[in-house]
Every structure is written in C-alpha cells, then in structure tokens.
Amino acid sequence: MSDTVGTAVLCGARVWEMTCNELDDGQEGHDPARMVKHGPYFIVYYSGLEQTFIDPVNGKWNIGLGFAKHGFILKGDNLPRWIYDELGDKLNGDPIEPGTAPGMLNETVMYYCVTDWDLDDGSACIGRAVAQGDPPFPTWVDDGKVICSTSVDAQLDIGPFNIDPAAFNDYEGRTWLIWGSHYSGIWMLELDYHTGHLFPLDEPGWDGDNPNYIRVASAEHDGEDGIVTPDHRDYLGGQIESAFVTKHNNWYYLFVNWGRCCRGHASTYNIRVGRSRSPSGPYLDDLGRDMKDRAGKQFLQTEGRHIGPGHAGVLEYTNGSTTTYIFTYHYYDRDMAAGTARIVAMEMTWSADDWPVLSDTYFNPYPDPLHGKWGIQTKGTQRYWHEDGLSTKLINTVFQGGDAHNVFMFDRTEDGSYRIRVEHERGLVHEHGIGDQLLSTRFGTEDDHSRYFFELQPDDGSYRIRVKANGRYVSENADQTIGTLSQVDDDNSRFFLTKLN
C-alpha cells in the first residue's frame, strides 16, 4: 500500500511565537487537543489557529503553522455567520480573533469553541468542523453550532461555560461531548452518533431540568479566597477546566486541570484524574471520592522545568501488534525567561490496578524517518525520478515507475541530511559539482555533494531538496533530467515522496 507524504483550537489561552524543536524539547504552543494520526502524520491542533506535526521525513516537530491559510473556518470571511448571531459582530474587538482550545474526536472531526475574552462574561459557543482533503493540511469546513451558553447561566454556577470541548466514542460506539471551565465545572452530554450534534431534546441548550446534561467534576474554590459566593462569581471562581476522557480495560478515565494557567513561571495548573465504569460517571479518584465533589487523583504537577502542566490528551496508537498510549500536554518552561508554553508527547503506561502512569519516554514514531523504499515525484510534471540505467547513470524522470531504477532509499547522517540511493545496484545519488550540475549515481562517492536536506513546504506539503555542499536546490529540467539551481522555487523543484513498502 502506498502512502504519499505531503500531498482550531479555539478557547483557553493566548499564543506564543512558534519555533521548530527536537522531539524531546517539545513544540511551542498552548492548549493542545489530543494528538491524531492522519495519514503518516501525527498532528496536534492547539490554541491560536495553529497546528504542529511530527514530520515523517526529518522526524522532528514541524514548525507551528497558522492553518487558516489552508482553509480553516474561523478566519476572516470564513467565520461562520452563526457565531456573529450568537456572540455579536466583534470578538475581542476584532471579528477575526475568535478563540482557542480545540478537541478532536478523530483526525477529521474537530470541536472548537468561541468566546469574547475581553468581556469574559461566560457567553461562549462550541461548534463542529470536519476536515476535507489530504494531511497534513486538510481544509476545515464548519459543520455548525453544537451548543451555546449565556452569561447568566454560567455566572450563576448553574449552567456550563461552553469552552474547552473534547469528544470520545464509548465502548458501545456512542459519541460523548465533555466540556466546561471554571464556574460550575465540567459537563458531559451524549451526542447523536450520526450527526455529531445534539439530540433534538437537547438542542435548545442547557436546561437545569434536562437529565441529559451531566455535571461530572468541579473544583469550586478561588485560590486564596475559598468557596465562591454569590458576591464573588468571576471566571476564576472554580479553578477547573480542560477535561478529557480516554478508555482502557473497560474503564473510562477523566482528566481535568486544577489551578491557574497562562502565568508563565507563576502558573499553578496541575492534572487530576478519576475513573468510572460508565462513560457518564460518576468518576471516582483512587480514594473513592467523586470528582463532582472537588476530588481527583493527582496525575501530573510542576516538576523540574515543567511548570503548570495542563490540557491532557491521549492517543491510543496501534502499530502492528504494539499499542502505545501517547499523552500530550503543555507546560511552562522554567528554562525560558518568559515561561514559554511547550507541547510535549510522552508515552503513558498503566499500573497493575489500572491507573495511568506517565513514563519519562518521549514519543518518537520516526526514529529512522525515511526507512524503507520510496518513489520521488515532481510536482510540476507528476513524473517520477528514474535512473537511466545507462553508463552515464543520470537521474531523469518518467511517468510510471515499477522497477529498481525508480525505487530510492535514504540513509540519514549525523547532521540531519540524507544520502539517497537507487535500489538498482544501490548507486548513490550525487551532484556532479561541475558545469551542468546534473544528478547521477556512483558507487563510492560520499561527500557533501551526495548529502541532501529535505525542506517541507507548508503550502502544499511537498519538499524542496537542497544539496549540502553548495545550498543549491534540486530541480527537474526541461529535458526531464534532474539537476540543481542556485535559487528556484517552482513546481519543478518541489517533490512528493511516496512510500512503496
């Protein structure tokens, strides 16, 4: 089977500048949804209309990218009309800055939230979006409003504050939404499995007399000030948010955050967990206390450079006969002067009595990223690289491959570059380094003219290939030979990689 490489977020906190980091350093960002696997990509969507993914070519977190330009629903003219109808014509004084913190049901269904942080009055909505097109940059299309809250309901601690959504399917295949923040705590509601929206009886929104709306966790205290009173009902009243549910061995596990986020080194976020045999609870901690009554087993707290860990997510990833639980969260970095928020992915295991245990192993699905055999296809002509098989051993292109002259293998070197070998006689692809700058294969040449860097192009998921020796970029020429040019960025110098085994 072939696998082509290359071809929301929305309500909880502010956003930091994005950089590219090694896997064990994490990716800068905030409020991550659980990781999803979409094609060969492990993707995390997070606050600020951003996404990041582990690049299967270089094995690193890819730089965070605003995915609005790839068709996301909540920017500019793409902002759904229903958001204006529910929350007004401006959010945060600007109609194109709608929110933060997404939740992923799977790789193609996102629940997102919008609120006006300037007003901070408890009015908020959760919407649904679906992905169309290929990863890592599918087009996200709005699928309408799911639920909205009024400021009165939320501030009186009687109804949910509709932010921080997450969704999951239970063991029977039913779909559940879990959400809420501060005020009255964390709520849960079954969704229509077929539509991903509310059942008709639930569509008007929260109703205190509707038993389908289930409160499952709370932490109704205000830091130093104690229990919230009618005279003191603000957003920080009950310090709980960022709920997430995963399942294991016929248990359901509810993760929540206690404490305060978004304060860098002064953040007090910590993650609590409880479990239940039923998806709707009650969720009890290890002492048998109900999380609805301000309980929860401590799962993760400040330690070392990881200050205020929060926004839990779990991906259950099966590769062959091996299942790995991948736990994602953000923390504030003690080693950064501003307490920059980073997203990390760690492997999670289970204790003998079925409680989750976070390991100290960073998740790395691509320790040898380009292992195996690949085809290399020019974007412009859709022709595949091919060794001509003649005495010259030039690399040219053909429309269809199918033999050892069209199959390439990659050897990663210590500096992150790759040697490229054609399967036929394992000849090493090499830039001539003389006038014509053509590529051919040789058996014994191993220098900087046979080392290449693969640079992901975020607008289409293709790669530009750069020679280490001189920084020149590989390009398909008019005669279908493959050569290099000093500076070129067109469709003949962009390539898609297709996994062949």
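**Figure 1. The loop of Pro 282 in the predicted model.** Pro 282 is found in the loop that runs between strand E17 (270-276) and strand E18 (297-300). In this predicted model, the peptide bond joining Gly 281 to Pro 282 is cis, with omega at about 5°.

**Figure 2. The Pro 135 and Pro 136 peptide bond.** Pro 135 and Pro 136 are also joined by a cis peptide bond, and omega is about 5°. The loop between strand E9 (124-132) and E10 holds Pro 136.

**Figure 3. The largest nonpolar core.** This core has 44 residues, and Trp 385, Phe 454 and Val 474 have the most contacts inside it. Helix H1 (residues 81-87) contributes four residues, the most to this core. Another core lies apart from it and has 37 residues, including Trp 258, Val 273, Phe 299 and Tyr 331.

**Figure 4. Surroundings of Phe 454.** With neighbours within four places in sequence left aside, Phe 454 is in contact with Val 57, Leu 370, Phe 410, Tyr 418 and Ile 420, among others. Its contacts also include Tyr 463, Arg 464, Ile 465 and Leu 497.

**Figure 5. The hairpin of strands E26 and E27.** Strand E26 (residues 408-412) pairs with strand E27 (residues 418-422) in the antiparallel sense, over five bridges. Tyr 418 in E27 is the bridge partner of Arg 412. Five residues separate E26 from E27 in the hairpin, and Gly 416 in the turn has a positive phi of about 90°. E26 is mostly covered, with four of its five residues buried.

**Figure 6. The aromatic pair of Tyr 45 and Trp 140.** The whole structure contains 26 aromatic pairs. In the pair of Tyr 45 and Trp 140, the ring centres are 5.4 Å apart and the planes are at 85°, so the pair is edge-to-face. Tyr 45 belongs to strand E4 (residues 41-46) and Trp 140 to strand E10 (residues 139-149), so the pair ties together parts 95 residues apart in sequence. Tyr 45 counts as buried because its relative accessibility is 1%. Trp 140 counts as buried, at 1% relative accessibility.

**Figure 7. The aromatic pair of Trp 82 and Tyr 112.** The ring centres of Trp 82 and Tyr 112 are 6.5 Å apart, and their planes are at 35°, so this pair is tilted. Trp 82 is in helix H1 and Tyr 112 in strand E8 (residues 109-115), so the pair ties together parts that are 30 residues apart in sequence. Trp 82 and Tyr 112 are both buried.

Figure 8. Phe 255, Phe 299, Phe 327, Tyr 329 and Tyr 331 are linked into a cluster by ring pairs. Phe 299 and Tyr 331 are also among the residues of the core of 37 residues. Lys 297 lies over the face of Trp 355, at 5.7 Å from the ring centre. Arg 383 lies over the face of Phe 399, at 4.5 Å from the ring centre.

Figure 9. Ser 242, a residue other than glycine, has a positive phi near 60°. Ser 242 is placed in strand E15 (residues 240-248) and counts as buried, at 2% relative accessibility. Asp 354, likewise a residue other than glycine, has a positive phi near 70°. Asp 354 is in the loop between strand E21 (341-350) and strand E22 (356-362). With a relative accessibility of 15%, Asp 354 counts as buried.

Note on methods. Residues numbered from 1 in each chain as written. Predicted model: local features only at pLDDT ≥ 70, side-chain atom pairs only at ≥ 80, totals over all residues. Heavy atoms only, no water. Core = buried A, V, L, I, M, F, W, Y, C linked by side-chain atoms within 4.5 Å. Buried < 20%, exposed > 50% of the residue type's maximum accessible area, 1.4 Å probe, protein only. Helix = DSSP H or I, 4+ residues; strand = E, 2+ residues; numbered from the N terminus. Contact = heavy atoms within 4.5 Å. Phe/Tyr/Trp six-rings, centres within 6.5 Å; stacked < 30°, edge-to-face > 60°. Lys NZ or Arg CZ within 6 Å of the ring centre and 35° of its normal. Pairing = 2+ DSSP bridges.
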